Amino acid sequence: QILYLKPPWTLASLLQCYKKHWVAVFGHVVPRSLLATVEYLYKHLLSAQTVDSLTAGMLLRESKNLLHAFSSRSDYNGVLPQAYAEVSKLHQTLTEVRGASDLSEDTMVLSENAVSEKMEAMTPNLQNCEEKTLHSSTHTAQENRHQEIWSVLEGVWNTMNLYSVEIFQKLDPSTIAVISKSSFEEAFLGLQKLIAAVNDILEGIRR
């Protein structure tokens with residue numbers, strides 16, 4: 001009766017409702033810090049501009065963080081695990097494609113090494129200009145990568161805090177009457193997502 005926008009919802013209206021009712025409603029269900037995730041998704045998913053693969057990866061990762069946070073409340077009749085699985089599949093595919101692309105680029109650079117050396121000798125000014133451009137783009141990519149890593153680690157941290165609270169609540173008999181408990185099925189689902197997130201981090205560190 002008091003919703004900012006009435007159903008049926010589009011993605012745009014859904015994210016607007018999240019933002020509008022975050023303090024009064026959603027911030028009490030999931031960590032308040034996830035408002036930044038909602039705003040990030042709103043900014044990029046509704047933009048008419050095409051995003052690069054790095055931004056696409058971050059969008060998928062932020063989407064997984066949001067879905068994971070709401071999984072602590074309910075599985076929403078099985079819809080949420082299905083959505084999480086599809087987003088995870090997309091993220092894995094993107095990661096594999098990016099990895100293959102990086103490998104292809106490395107091979108190309110090695111095969112053209114001799115030609116590059118001749119060009120460097122002939123055009124020192126051009127080389128200096130290219131080095132500055134490369135340094136600038138590398139710096140931007142590193143900043144985006146740092147933000148992506150921070151997002152993953154924050155998601156893992158929030159998950160560990162959530163389950164730590166659940167464990168201590170179950171160990172304290174005085175809280176049983178007043179604190180609602182998640183089911184074992186929801187806890188197991190959350191654990192699987194946590195394992196997947198940790199595996200993502202390990203793969204990134206290995207790369």
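## Model and overall make-up

This is a predicted model, in which local features need pLDDT of at least 70 and side-chain atom pairs count only at pLDDT 80 or more, while totals for chains, interfaces and linings use all residues. Residues are numbered from 1 along each chain as its sequence is written, and side-chain values use heavy atoms, with hydrogens and water left out.

The chain has 7 helices and 0 strands, and its pattern along the sequence is α-α-α-α-α-α-α. Helices (H or I, at least four residues) and strands (E, at least two) are DSSP runs, numbered from the N terminus. Of the 207 residues, 25% count as buried. Buried means under 20% relative accessible area, exposed over 50%, and partly exposed in between (1.4 Å probe, protein chains only). Among contacts in the chain with a separation of 6 or more, 60% come from residues 24 or more positions apart; contact means heavy atoms within 4.5 Å.

## The largest nonpolar core

The largest nonpolar core has 15 residues. Such a core is a set of buried Ala, Val, Leu, Ile, Met, Phe, Trp, Tyr and Cys residues joined through side-chain atoms within 4.5 Å. Y18, W22, V30, L34, V38, L66 and F70 have the most contacts inside the core. Two or more residues each come from α1 (11-20), α2 (35-45) and α3 (53-71), with α3 giving the most, 5 residues.

Leaving aside neighbours within four places in sequence, F70 is in contact with Y18, F26, V29, V30, Y76 and L80.

## Packing of α1 on α2

In α1, the residues S13, L15, C17 and Y18 are buried. The buried residues of α1 pack against α2 and α3.

α1 and α2 pack at an angle of about 150°, with their axes 10 Å apart. That makes α1 roughly antiparallel to α2. Axes are lines fitted to C-alpha atoms, for helices over the stretch in contact, and angles run from 0 to 180 degrees between N-to-C directions. Angles under 35 degrees count as roughly parallel, over 145 as roughly antiparallel, 65 to 115 as roughly perpendicular and the rest as oblique.

α1 passes α2 in a left-handed crossing, the term for a near helix turned anticlockwise from the far one by less than a right angle (right-handed if clockwise). On the α1 side the contact is made by L11, A12, L15, Q16, Y18 and K19, and on the α2 side by L35, V38, E39, L41, Y42 and L45. By class, this contact has 9 nonpolar, 1 polar and 2 charged residues. Ala, Val, Leu, Ile, Met, Phe, Trp, Tyr, Cys and Pro count as nonpolar, Asp, Glu, Lys and Arg as charged, and the others, Gly among them, as polar.

## Packing of α3 on α7

The axes of α3 and helix α7 (residues 184-206) come within 10 Å and cross at roughly 155°. α3 is therefore roughly antiparallel to α7, and the crossing is left-handed. R61, K64, L67, H68 and S71 of α3 meet G190, K193 and D200 of α7. These residues divide into 1 nonpolar, 3 polar and 4 charged.

## Backbone details

Most residues other than glycine have a negative phi, and most peptide bonds are trans. The peptide bond from P7 to P8 is cis, with omega near 0°; P8 is found in the segment before α1.

Y76 has a positive phi, near 50°, and counts as partly exposed at 32% relative accessibility. N77, in the loop between α3 and α4, has a positive phi near 55°. At 80% relative accessibility, N77 counts as exposed.
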